[in-house]
Amino acid sequence: MTSTAPFPYVPPKSDKTSLEHNIANHLIFTLGKDVAHASTHDWFMAVAYTVRDHMMENWLKTQHHFYQNDDKRIYYLSMEFLIGRMLFNSLYNLDLLQPCQEALKKLGVDFETLRNVEEDAGLGNGGLGRLAACFMDSLASLGFTGSGYGIRYEYGMFHQDIENGEQIERPDSWLRHGNPWEFPRPETTFTIHFGGRVVHHKEEDETYHTHWIETEEVLAMAYDTPVPGYQNGTTNSLRLWSAKGTSEFDLRYFNEGDYLDAVTNKNESENLSKVLYPDDSTNAGKILRLKQQYFFVSASLQDILQRHLKHYPTLDNLADKVAIQLNDTHPSLCIPELMRLLLDVHHWDWDRAWSLTERVFSYTNHTIMPEALETWQVTMMEAVLPRHLQLIYEINHRFLNAVQHQHPGRTDILQRVSLIDEHNGKRVRMANLSIVGSHKVNGVAQLHTTLLKSTTFPEFDQVFPQKLINVTNGITPRRWLFEANPRLTTLITEVLGKNWKSNLSRLEELVLKVDDEAFRADFHGVKQANKVALANYLQRHQGIIIDPHTLFDVQVKRVHEYKRQLLNLLGVITRYNRLRSGESGPQVPRTVIFSGKAAPGYATAKSIISLIHAVAEVINSDPAVRDLLKVVFIPNYNVTIALRLIPAADLSEQISTAGTEASGTGNMKLALNGALTVGTMDGANIEIGEAVGWDNLFVFGHTAEQLVQLHQEGYHPMDYVHANGELRQALDMIAQGYFSPEQPAKFAPLVHDLTAGGDRFFLMADYEAYIACQERVDNVYQDTEQWTRKAIRNVAHMGTFSSDRAILEYAHNIWNLKPPRH
């Protein structure tokens, strides 16, 4: 029954006294605790529920505004949403931070203690998930109506511990105490199918219909998390799917005493949403990943179509009312899935269905290296998703016919653009599928997009000359400046006033303060205070002691060969050798900080982490260099650690091999917080250099074009080793067990990969330039005034790297969205 009378609810109030009452009420009536027995976590939950009340008030208004104005809706599909903790960000965006802190003080609760109780949401791993989280924040902060879709991972990726220098993966039980931000939606479930077989039936009207039968079934249940915009009244949703068994419990098996089989269906089904990126080194792991991707794609599309048909009588206008962005290839099964729904469920003809599909989807590519592009074995897809393989074959057949007509006789083009790779045991190319099935494809930095057009997908650029465009990544200032660096935020506000927070381009006005001695002193003081805060945090929580008066040299990112943590480490060993020999001049005291996870099945990356710890143990225990060099690895890198570490960094290591990093966003976060970049001409480093001025960062190494030429001419890494005694010494120390005396050959394989193994990522070629670049860093850092001027210029020119700018470009160039109405 529907009533047209106003619903008699009382909206929450935001004054200090009302917040105090609401927190107390949630403590008692929601959590069932009294003040005398409430734990810190109980208080956190009570505050979170109070904040959620305010978000839901805005969420209801946002939904009403959307339907009233008939706005186009954005759906952002991503396997990862690395949102971190939500309490501070939500309070800040809702303009409730100060009154909430005052209310808690009145209740005798310390806000900072409360804030640190919250778990980081285990919904992502690295840059892909953090980008998705930034984009969700910007969509809401700009007033666009949008929703994210992903998976509610029960155990995240993993919690990284370090034991005897080795990475140990443990379950990330981030949900063990409950999640106060989410709303379970048991009424919103969809059936997901796997396996089975496909049959074609001739109906009474002489038409043929396709049926996917005898399938394994899993239920997808929705959980909604509100996403508040920055002080604008907009609240969007992040909808995450949790896998449930279609049969919770088989009483027949239970009564027969077979207790394990009684819950087998439930347990096997729920594996789909247990862990982010299950280890795919086994066939079972690969199948689980494929099922996981289809699970979230199918649930999301069924939900999107159901929502649309509630408000419109037809799907014909879907592309006018809906835009679906695929964040990398993980959601690319959306394309055959939408075709299946339109053809098999709604009984559209092919041309009508394909036209709609192309207009609805757009795809963001994050991968340059062809060997890293996602593919699936045809035999595996046939077993798991037989109907979808049929549709992919049909899409491919029609597409290749069109290409053949456009480029007659060019079998080379046909082979490159085909959705099926015929040369590696027949595999489905998911990037090719995403390009063919989307109306726009974007790279995430200017160099990345140029390389996509010239190297990775040149044939697609010929076939679709207007399809591939660039939208450089961005970061949300709400999280990565306002929350991460309140000291710097306060200093900037004192100079620019409050309005700059909604218009990050105003940061450019800070250039006028570069020559202001008092401002430089305040700016330097902010950085020093952040370094002291980080040092205190690491000593208190991890027992790591670092000197805040040293240069903090930071490399924080996923551990991977192309990101070249090994090059950084070779630089550290060279510095160590110089200090011990006393041959070099005075060097700036440094603390070199690493942090990042290696994928569980990535043996080389895990070996790099082990080597970092081995080198750290030797250097940190050597009294000859104790005050001049220290190496630190911070375990279990996540958003919370990043928020403490990034504002304290002096130097940002962005040293990936040129032409391998799509964009990077860590480089943006660090520069925005006043760190100077040492980096290659890769990803967004180039655009950062163009924005802040090349004199305000440290660039080294071969360009992507030079590396291509070097490879073509024949790259011999040993030539560089023989020509450089310091490089040879560092490699010998690693290979011969100087850092692992109990296992002398432990790290020899790493050295082999860099020398006889071919040095795939050109560390030997860039080593000498990297060492020279670090010498320039030392020289500049010794002049505090010069370093501070450069740091101010970095902050001043980072406004263009806001995710707000990126979302406005998506809206205009890809989604065909009008500016939001407020």
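Two strands pair if DSSP finds at least two bridges between them. The model treated here is predicted.

**Exercise 1.** Give the strand order of the nine-stranded sheet and name the strands at its edges.

Solution. The sheet is open, with mixed pairing, and its order is β5-β8-β9-β2-β1-β10-β11-β15-β16. β5 (183-194) and β16 (468-470) each have a single partner strand, so one side of each lacks a neighbour in the sheet. These two strands therefore stand at the edges. From one strand to the next, the twist averages 25°.

Helix α10 (residues 283-311) packs on this sheet, and its direction makes about 115° with that of β5. Among the strands that α10 touches are β1 (73-77), β2 (146-151) and β10 (322-327). Helix α18 (residues 446-456) lies across β15 (440-443) and β16, running at about 165° to β16.

**Exercise 2.** Classify the packing of α1 and α2 from the angle at which their axes cross.

Solution. The axes of α1 (residues 16-30) and α2 (residues 40-69) come within 8 Å and cross at roughly 120°. That angle makes α1 oblique to α2. The crossing is right-handed. Contacting residues include Leu 19, Ile 23 and Leu 27 in α1, and Trp 43, Ala 46 and Val 47 in α2. The residues of this contact divide into seven nonpolar, five polar and two charged.

Technical notes:
Residues numbered from 1 in each chain as written. Predicted model: local features only at pLDDT ≥ 70, side-chain atom pairs only at ≥ 80, totals over all residues. Heavy atoms only, no water. Axes fitted to C-alpha atoms, helices over the stretch in contact; angles between N-to-C directions. Helix = DSSP H or I, 4+ residues; strand = E, 2+ residues; numbered from the N terminus. Parallel < 35°, antiparallel > 145°, perpendicular 65-115°, else oblique. Left-handed = near helix turned anticlockwise from the far one by under 90°. Contact = heavy atoms within 4.5 Å. Nonpolar A, V, L, I, M, F, W, Y, C, P; charged D, E, K, R; others polar.
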